[in-house]
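Here's a quick tour of a single chain, starting with the overall layout and then zooming in on one element. Have the sequence and the model open as you read.

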Amino acid sequence: LPFYLRDLTNATPAQSGIAIAFCTLFSAFASLGYGKVKAKLDFVSILPIIFGFMGIGYGIIGLVGNYYGLILLGLATAGLGLGLLMPNMTVWVSATVPDAVRGRALGGLSTALFLGQFLSPILTQPVSKNMGLGLTYAFSGALLLVLGIAFTATKRQVIALTTVSKPVQ
């Protein structure tokens, strides 16, 4: 993001830091509201909302050509999705995995998230090198929207796959 902001708007390092902080701020707002969302929706129903916010946000980041549009629209919107992602995945794993393997499962979730952060620049580098960072963000946004649609379309199958039966006592 800092490189994209510099190339697009000649943003200073301070402006890049503010942009990232803005995304984090909206993530915090969404995380604080997660309990209200979860009270109305199940885990799988929240996924399309997460991917929708992130997809729209990344799409805006890729398509809007000014600093304030990126911050106010794209990063805030993507931040809302990211803020719902963390508690939804953690609570979902905690609620569905048997006690005996819960620590291992949560460790696997953390590993997947950090590994994704590590691998994302490596995997997107060929795309961004050939098409530019703007199109890379827009493409990522489109992919996230497709994931949201896929989870909506396959909700029953996802619920069936992730429901762990409790032993009968």
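## Overall layout

From the N terminus on, the chain runs α-α-α-α-α-α-α-α. That makes eight helices and zero strands, with both taken as DSSP runs numbered from the N terminus (helices are H or I, at least four residues; strands are E, at least two).

A word on the ground rules: this is a predicted model, where local features need pLDDT of at least 70, side-chain atom pairs count only at pLDDT 80 or more, and totals for chains, interfaces and linings use all residues. Residues are numbered from 1 along each chain as its sequence is written, and side-chain values use heavy atoms, with hydrogens and water left out.

## Size and burial

The C-alpha trace spans about 65 × 35 × 30 Å along its principal axes. Of the chain's 169 residues, 33% count as buried (under 20% relative accessible area; exposed is over 50%, partly exposed in between; 1.4 Å probe, protein chains only).

As for contacts (heavy atoms within 4.5 Å), take those with a separation of 6 or more: 74% of them link residues 24 or more positions apart.

## A look at helix 2

Which residues of helix 2 are buried? They are Ser 16, Ala 19, Phe 22, Cys 23, Ser 27 and Ala 30. These cover an arc of only 135 degrees around the axis, which puts them on the same side of helix 2; the arc is taken from the directions from the helix axis to the C-beta atoms.

The buried residues of helix 2 pack against helix 1 (2–9), helix 3 (34–40) and helix 5 (67–96). On the other side of helix 2, Pro 13, Ala 14, Ile 18 and Leu 32 are exposed.
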